[in-house]
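Here's a quick tour for anyone meeting this structure for the first time. Have a look at the sequence and the 3D view, then read on.

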Amino acid sequence: MKAQELKDKTPDQLKEQLLALKKEAFNLRFQQATGQLESTARMRVVRRDVARVKTILNQKAAQAAASN
């Protein structure tokens, strides 16, 4: 997921994306705990995507606050 793709989305879409990523992260942690996780690299990717989405959401909130 690219940061530019996220910048084009609305805050509501970003919140939905964040919720989906958090659910996926939970499922990956559960799989790891039970020994069923096949790709440990996916955990890293999801964690970084969560950080990207949160960063873009914070930037959009700052822009909205600055314009008011």
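How many salt bridges does a search of the whole structure find? The search turns up two, where a salt bridge is a side-chain nitrogen of Lys or Arg within 4 Å of a carboxyl oxygen of Asp or Glu. Keep in mind that this is a predicted model, in which local features need pLDDT of at least 70 and side-chain atom pairs count only at pLDDT 80 or more, while totals for chains, interfaces and linings use all residues. Residues are numbered from 1 along each chain as its sequence is written, and side-chain values use heavy atoms, with hydrogens and water left out.

- Glu24 pairs up with Arg42 in a salt bridge, and their closest N and O atoms are 2.8 Å apart.
- This pair links distant parts of the chain, with Glu24 in helix α2 (residues 11-34) and Arg42 in helix α3 (residues 41-67), 18 residues apart. Helices here are DSSP runs (H or I, at least four residues), numbered from the N terminus along with strands (E, at least two).
- Glu24 is partly exposed, at 25% relative accessible area, and Arg42 is partly exposed too, at 31%. The scale runs like this: buried is under 20% relative accessible area, exposed is over 50%, and partly exposed is in between (1.4 Å probe, protein chains only).

- Arg52 and Asp49 meet through their side chains in a salt bridge, 2.8 Å from N to O.
- Both Arg52 and Asp49 sit in helix α3, three residues apart, which is about one turn of the helix.

- Leaving aside residues up to four places away in sequence, Val53 touches Met1, Leu6, Leu14, Gln17, Leu18 and Leu21; contact means heavy atoms within 4.5 Å.

**A look at Lys54**

- Lys54 lies in helix α3 and is partly exposed, with a relative accessible area of 40%.
- Not counting residues up to four places away in sequence, Lys54 touches Leu18 and Lys22.
- Lys54 and Ala33 are 21 residues apart along the chain, and 26 Å separates their C-alpha atoms.
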